[in-house]
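Biologist: I would like to learn how to read a structure such as this one, feature by feature. Could you show it to me first, and then take my questions in turn?

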Amino acid sequence: MRWMNQMNIEKSLFAVVLLSSGLGFSIAASSSPAGDQGMEYSANGADTCLLCHTEAWAYPIYPIFKTKHANRADKRTPFAGLQCEACHGPGGKHATTGSKDAINSFKETSFLSVRQRNEACLGCHQGNARVGWVGSTHETSNLACTSCHQLHVEHDPVLARATQPEVCYKCHLKERAEFNKPSAHPVRFGLLTCSECHSPHGSIAVAMLARPTLNQTCYTCHAEKRGPFLWEHAPAAEDCSLCHSPHGSAHASLLKKDPPLLCQQCHAVAGHPSVAYTSAALPGGGGGGAAFLLSGGCINCHSQVHGSNHPSGIKLMR
Amino acid sequence: MKTATQLFLLGMLSALSAAAAGQPTVDTSKWECKLCKFDDGLSGTLELGGGNVSDSSSKSGEYNGLHEQGGFLVADGTARYRGTDAGYWTVSASNLGLDTRSLAAEGGQQGIYKLFLNYDESPHFVSDSAQTPFIGKGSPSLTLPAGFPAGTTGLMPLASTLQPVDLETKRQKLGAGASWTPVRDWMYAVKFSHQTRDGTKGTAGTFFVNASQLVAPMEDVTDQLDVSASYTGARLHAKLAYYGSMFRNNDAALSWQNPFAVPAFPAAVAGQLALPPDNESHQISAAAGYQLSDRTRATADVAYSRMTQDDAFLAPTLNPTLAAPALPRVSLNGRVNIFSGNLELNSAVTDRVRLKAAYSHNDRDNQTPQAEYAWVTTDMFLATPRTNLPYSFTQDRVKLRADYQAPAHIKASLGLDHDSNKQTFQEVDTTREDTIWGKVNAHALHRIDVTLKLAHGERENTGYQAVDSITPPENPLLRKYNMADRTRDSAELRADIAATAKIDIGLQVDASEDEYSDSAIGLTSGRDLNLNGDVAMMLTEQTSLHFFANH
């Protein structure tokens, strides 16, 4: 009863949190298939579990002892309390029968619903980034915490820059393809993670972005585009994604189309080359439109497309 | 004390088993954890490797620095310490020997405080095959050798003057921060980063219709500061934060000599492009979530940002023969306030029905003063003065959603989204878009998950008219696609199949079709079709293979 004797006022508050959260989902869990876990804890805690789940076990669990969850000096952690059963629940029946139905495995095949499995994590990890979890796209899509996180490994792949995208790509197939296009943010090179732009635990911003608006998210790395400029390009100030595909594109600079086609979807100015060009305008086609089609297209002259602070930059040419 | 223990156990049990109830007790006096292999003390890893690049390629090495032919060595390492008093530190390095090297250090007392320091480099190689006749590449002033200017490109002495130039930049980011949890419910955090970019990028400058490809310098610094205090209570979560970002550019402008001789404007011999001006952004934000009942939660956040820019204006022209009238101000005094507010309500009204309502408001209020500016067309001649148009936007969004969890692992969702955008100085004052969508998800045998989503949206504007102050005018039949009337239909079908315990298959088809019914010129229709296939094979817990295809 040593750990109980160390309980203090803070732990009492913790208990209230757990109690309220536990009651919350026990109501919603009534439609889930009932498990056969029982209420008895094991005789020796982790020592009971590790008699079978040895280092030779097919599913390695020993790396958990290298993680923060196994820091006994931090009294909030599982191994400062009910050890394995702090998360997996009472294991007495599982230990005596070996039945997989008598323990919460956190796997897809668990007898607990996703929401019930998540509550085991959220009982402790409720604060800060999890404020927006309830009702978030990931939560309403029935994602379990363990759909993305691994607990028994020394380094959770979703928390490492080089390996996080692979975790996200399990569901986001289209984004995997986009990040492999010729022009893309350097996610596939391990220089950028999904979570540097998105809040996977939920945010009220569009597309679960990390900052309140799309442009403010882009400005964290591209502050030079922020302005405000004397001569603004309205769509650039409003929404970067009107011209750019943020994950990747077959066109240079992550553009949705190549200039001049992209520009001519919105611009057909009088007194200016305003008819959509075709390949006939290329030098090989006998046309005189090379300056409008080759290299940057419209950008050959209007290079300040994100805005200009030059007094003579109204046409975004200075 | 005993009461608290019982509450703790009750919470745990109700969390872990639907069948659990009552107030069980547990005797942990024999839970010695003798078999637990806690990793206290000092430990570390070191990895060494090498490789060879067969051919030089800026594209292959675009972001990894391996753009040149030849061998390379790479090293990773980690050293860590964990004490019995929850004190710990970790130092790690990766990609040492490459241009993507990074270092990270973290330490503290777990559960009480954390300090961290990190450094990383990110290269971006754009081109290693560009050539330019300009002298001074990478500097803010580009000059030309003898033989320039010339009447046409063909008359320029390019064969003898073109010099190779690499277009490449390097980001270096130094970060430091700390977090402190004095009591369980409160956490304070501060994070600072100093990011520099150094290198060159391609741009272009023009004298009327004669454009030149230029190499612009990139030497800038962005400092960012995040400070926050957050509270996590039984029902209330709250966070108050400040975010500041300061951008400083070492170069205000890029000037270049005109390689084209223009007999009609013989003094148009040099031009100047404004480089991104110094600017700042400061934001204060607050977020809160409150558990109204066991089934209902409300979340809200607000953020107020102020973006400013007041760099001194450049001269309107470098043409000494043009007497441009004095500018109305010496700098812009650019000020933009952004207010973002969101409110969301979630409720599991029954075990099977869940409702969600969300409202968001985003207002970009551009308070930059307007003035009439005399300007010079590409350093050639004075043009009719123009007034700057500080664009403002207001966006309101409402989202309603209902989910129904049917028996047999079938879930149905229905949603309605309403977007309203108001803007100033543009062809359309207001656009409104309503989208209705439905989604069905079926899960069977713990192996197959199929989702079908259909959506239909209609956007209308309040009238499209030319903006008087924009000259020359756009074609009156043109409709800009972000403001044009639009009908959008989209469909997405997705299947996730756990073929075996170690093989997962994902298939996805999504398509959308846009019709811009009132757009005679501009974007009139759009179609998008994506086919995705993905197979993941888990060889071990640490190793997996992925195959994917996309069309």
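Biologist: In this predicted model, which residues is B:Phe134 in contact with, once its neighbours within four places in sequence are left aside?

Modeller: Setting those sequence neighbours aside, B:Phe134 is in contact with B:Leu142, B:Thr143, B:Leu144, B:Leu214, B:Val215 and B:Trp256. There is also a second, separate core, which has 12 residues and includes A:Leu214, A:Ala223, B:Phe247 and B:Leu389.

Biologist: Which residues have the most contacts inside the largest nonpolar core?

Modeller: That core has 42 residues, and those with the most contacts inside it are B:Phe134, B:Leu214, B:Ala216, B:Ala253, B:Leu254, B:Trp256 and B:Leu275. At least two residues of this core are supplied by each of α14 (290-293) of chain A and, in chain B, β8 (186-207), β9 (210-232), β11, β12 and β17 (372-377). The largest share, 5 residues, comes from β9(B).

Biologist: How should I read the order of strands in a sheet?

Modeller: As a general idea, the strands of a sheet pair through backbone hydrogen bonds, and they do so either parallel or antiparallel. Here, an open sheet of 3 strands in chain B has the order β6-β11-β12, with mixed pairing. In chain B, β6 (141-142) and β12 (270-274) stand at the edges and each has a single partner strand, so one side of each is left without a neighbour in the sheet.

Biologist: How many bridges join β6(B) to strand β11 of chain B, and do they run parallel or antiparallel?

Modeller: These two strands, of which β11 covers residues 253-257, are joined by 2 bridges and run parallel. In β11(B), B:Ser255 is the bridge partner of B:Ser141.

Biologist: Turning to the other chain, how many helices and strands does chain A have?

Modeller: Chain A has 14 helices and 2 strands, and 47% of its 318 residues count as buried. Among the contacts in chain A between residues at least 6 apart in sequence, 55% join residues that are at least 24 apart.

Biologist: Why does A:Glu166 count as partly exposed?

Modeller: The reasoning rests on counting neighbours: a residue is buried with 20 or more other C-beta atoms within 10 Å, exposed with 12 or fewer, and partly exposed in between. A:Glu166 has 14 C-beta neighbours inside 10 Å, and therefore counts as partly exposed. A:Glu166 is found in helix α9 (residues 164-169) of chain A, and, leaving aside its neighbours within four places in sequence, is in contact with A:Pro157 and B:His546. The C-alpha atoms of A:Glu166 and A:Arg188, which are 22 residues apart along the chain, are separated by 9.3 Å.

Biologist: How many residues does the contact take from chain A and from chain B?

Modeller: The contact takes 121 residues from chain A and 132 residues from chain B. On the side of chain A that touches chain B, α2(A) gives the most, with 18 residues. By class, that side of chain A has 57 nonpolar, 45 polar and 19 charged residues.

Biologist: Which domains does the domain assignment give for chain B?

Modeller: The assignment gives domain 1 (234-242 + 279-389) and domain 2 (391-551), and the centres of these two domains of chain B, taken over C-alpha atoms, are separated by 25 Å. In chain B, 17 residues of domain 1 are in contact with 17 residues of domain 2. Strand β16 (residues 353-366) of chain B gives the most to the side of domain 1 that touches domain 2, with 14 residues. The residues of that side of domain 1 of chain B divide into 6 nonpolar, 5 polar and 6 charged.

How values were computed:
Residues numbered from 1 in each chain as written. Chains lettered and ligands numbered in written order. Predicted model: local features only at pLDDT ≥ 70, side-chain atom pairs only at ≥ 80, totals over all residues. Helix = DSSP H or I, 4+ residues; strand = E, 2+ residues; numbered from the N terminus. Contact = placed C-beta atoms within 7 Å. Pairing = 2+ DSSP bridges. Nonpolar A, V, L, I, M, F, W, Y, C, P; charged D, E, K, R; others polar. Core = buried A, V, L, I, M, F, W, Y, C linked by C-beta atoms within 7 Å. Domains from an automatic or database assignment.
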